[in-house]
Amino acid sequence: MEAAARCAMIARMSETSAIAVIASRDGQDLQALLSAAAGRWRQAGIRLAGLLAEGHDGEGVCSAAYLRDLTTGERFSIQREAPPPGTTCHLDAGGMERACDALLPRTASADIVVLSKFGKLEAMQQGLWRCFSASASAGTPVLTTVSSRHAEALRAWAPAARWLEPDEAAIQSWWDATRVPAA
């Protein structure tokens, strides 16, 4: 994005937040909702970067086995075979870091970054934190989800984040208000 367009986007951020969040609710497939939005934006020529969660083959409280890169299609394993002692979570922090490392260089040139969720690792400034932080610092719009357990950590990091209803119309309305129209 050109410098003038980036400045215009940052100025518009005072009108609407460049960070949009959908709160997780039982029974809703928010990753499918994010994927559908990403697909529409890609078809419209929007430069997109992001990671979405998919697949869950085991037991435990973690809901994903992989993160899939929306640009390259590469899948990053984020699930351990067995949880560490004292926990039931199978989340592999190393896999999250590898996914973040792969995505990070593309966040600067993206029109929008879609990140599967702001979770416990991000609340501790780990996992996908660097992608969240770099995108926000650059003024690049970010669309993500969060569970109620980590909503306060997200609010502390991004108090002006826009909280969206979990539907396509709300996502599109936020994007229309946030993006800088093509010159």
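User: Is Q125 buried or exposed?

Analyst: Please bear in mind that this model is predicted. Q125 is exposed, because its relative accessible area is 53% and the cut-off for exposed is over 50%. Q125 lies in the loop between α4 (120-123) and α5 (129-138).

User: What is the value of phi in Q125?

Analyst: As a general idea, most residues other than glycine have a negative phi. In this structure, phi of Q125 is near 60 degrees, a positive value, although the residue is not glycine.

User: Which residues of helix α7 are buried, and where do they lie around the axis?

Analyst: In an α-helix there are 3.6 residues a turn, so residues three or four places apart point the same way. In α7 (residues 168-178), the buried residues are A170, I171, W174, W175 and T178. They lie on the same side of α7, because they cover an arc of only 130 degrees around the axis. At the start of α7, a side-chain oxygen of D167 comes to within 3.2 Å of the backbone nitrogen of A169.

User: Which backbone atoms does the side chain of Q31 reach?

Analyst: Q31 belongs to helix α2 (residues 30-43). The side chain of Q31 reaches the backbone nitrogen of A53 at 2.8 Å and the backbone oxygen of S116 at 3.0 Å.

User: Is Q31 buried or exposed?

Analyst: Q31 is buried, because its relative accessible area is 17% and buried means under 20%. Apart from neighbours within four places in sequence, Q31 is in contact with L52, A53, S116 and T145.

Technical notes. Residues are numbered from 1 along each chain as its sequence is written. This is a predicted model: local features need pLDDT of at least 70, side-chain atom pairs count only at pLDDT 80 or more; totals for chains, interfaces and linings use all residues. Side-chain values use heavy atoms; hydrogens and water are left out. Helices (H or I, at least four residues) and strands (E, at least two) are DSSP runs, numbered from the N terminus. Buried means under 20% relative accessible area, exposed over 50%, partly exposed in between (1.4 Å probe, protein chains only). A polar contact is a pair of N or O atoms within 3.5 Å; within protein, one must be able to donate a hydrogen and the other to accept it, and residues adjacent in sequence count only if both atoms are side-chain atoms. Contact means heavy atoms within 4.5 Å. The arc is that of the directions from the helix axis to the C-beta atoms.
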